[in-house]
Amino acid sequence: MSATGNAPAGGDPLALPPYSLDVEALDLGPGTTAVGLELLETESREPVKGKEAAAIWSAVLPALSANECMVMDFFSHIDRVREFCKMNDIHFSEAAERCLVLSKPSESQLEMLFGRFEGETFGVRVGASAETPDAALEKELSHQGLEAYQTAYERYTFCAVCEPEDGWVTLLSKTLWPTEIIRRVRPAAQRFDVYISRPQ
């Protein structure tokens with residue numbers, strides 16, 4: 001394992017930060033470029049959950065987006081998502097038959113969403129194409145869930161499949177490689193004492 005994130009701060013030089021973010025290329029078959037981000041407790045290697053995970057992911061995703069437009073896609077339990085957004089003044093639109101699109105959520109809104117819907121799987125799209133509705137993709141999301149990203153992600157800087165309960169985010173991107181992802185997220189991760197690594 002090569003350390004590419006934080007060095008231990010003071011005290012025991014062998015001590016590692018409490019959390020680790022593993023960043024590695026994934027083989028999802030020919031023609032698909034993907035990188036996995038796994039957020040773990042460093043010592044136990046269990047997924048980070050709860051408030052800590054929500055805070056970290058809500059800082060990491062905006063760092064990855066580098067100020068490009070971001071939207072979130074929810075395609076299951078949408079009644080609960082709709083009510084939560086209404087209660088918390090989070091802008092959303094109804095897309096296709098079973099898809100809610102949340103446009104440009106702030107970091108504090110992301111933190112609320114990751115916390116409230118930790119047990120759900122949802123998606124994120126980033127890039128210039130996220131500025132306008134993508135009716136074709138949103139229809140496919142309604143029918144087949146986040147598998148729809150497989151044929152659409154090249155239109156975006158990245159599409160992400162978020163599974164917070166498992167400590168996992170899968171990025172589909174033709175432009176972001178592990179080294180660039182680490183470069184983007186390192187400043188955001190340092191706020192939370194997260195050790196960034198690239199498993200070999």
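1. Asn67 lies in the loop that links helix H1 (50-65) to strand S4 (70-74); helices (H or I, at least four residues) and strands (E, at least two) are DSSP runs, numbered from the N terminus. The model is a predicted one, in which local features need pLDDT of at least 70 and side-chain atom pairs count only at pLDDT 80 or more, while totals for chains, interfaces and linings use all residues. Residues are numbered from 1 along each chain as its sequence is written, and side-chain values use heavy atoms, with hydrogens and water left out.

2. Asn67 has a positive phi, near 70°, although the residue is not glycine. With a relative accessible area of 82%, Asn67 is exposed (buried means under 20%, exposed over 50%, partly exposed in between; 1.4 Å probe, protein chains only).

3. Asp89, in the loop between helix H2 (78-87) and strand S5 (92-95), likewise has a positive phi, near 55°. Its relative accessibility of 67% makes Asp89 exposed.

4. Thr32 sits in the loop between strand S2 (19-27) and strand S3 (33-41) and is buried, at 16% relative accessible area. Beyond neighbours within four places in sequence, Thr32 is in contact with Gln150, Tyr153 and Leu172 (contact means heavy atoms within 4.5 Å).

5. One aromatic cluster comprises Phe74, Phe84, Phe114, Phe117 and Phe122. Rings of Phe, Tyr and Trp (its six-membered ring) pair if their centres lie within 6.5 Å; planes under 30 degrees apart count as stacked, over 60 as edge-to-face and the rest as tilted. Phe114 and Phe122 form an edge-to-face pair, 5.2 Å centre to centre with 75° between the planes. Phe114 is buried at 2% relative accessibility, and Phe122 is buried at 0%.
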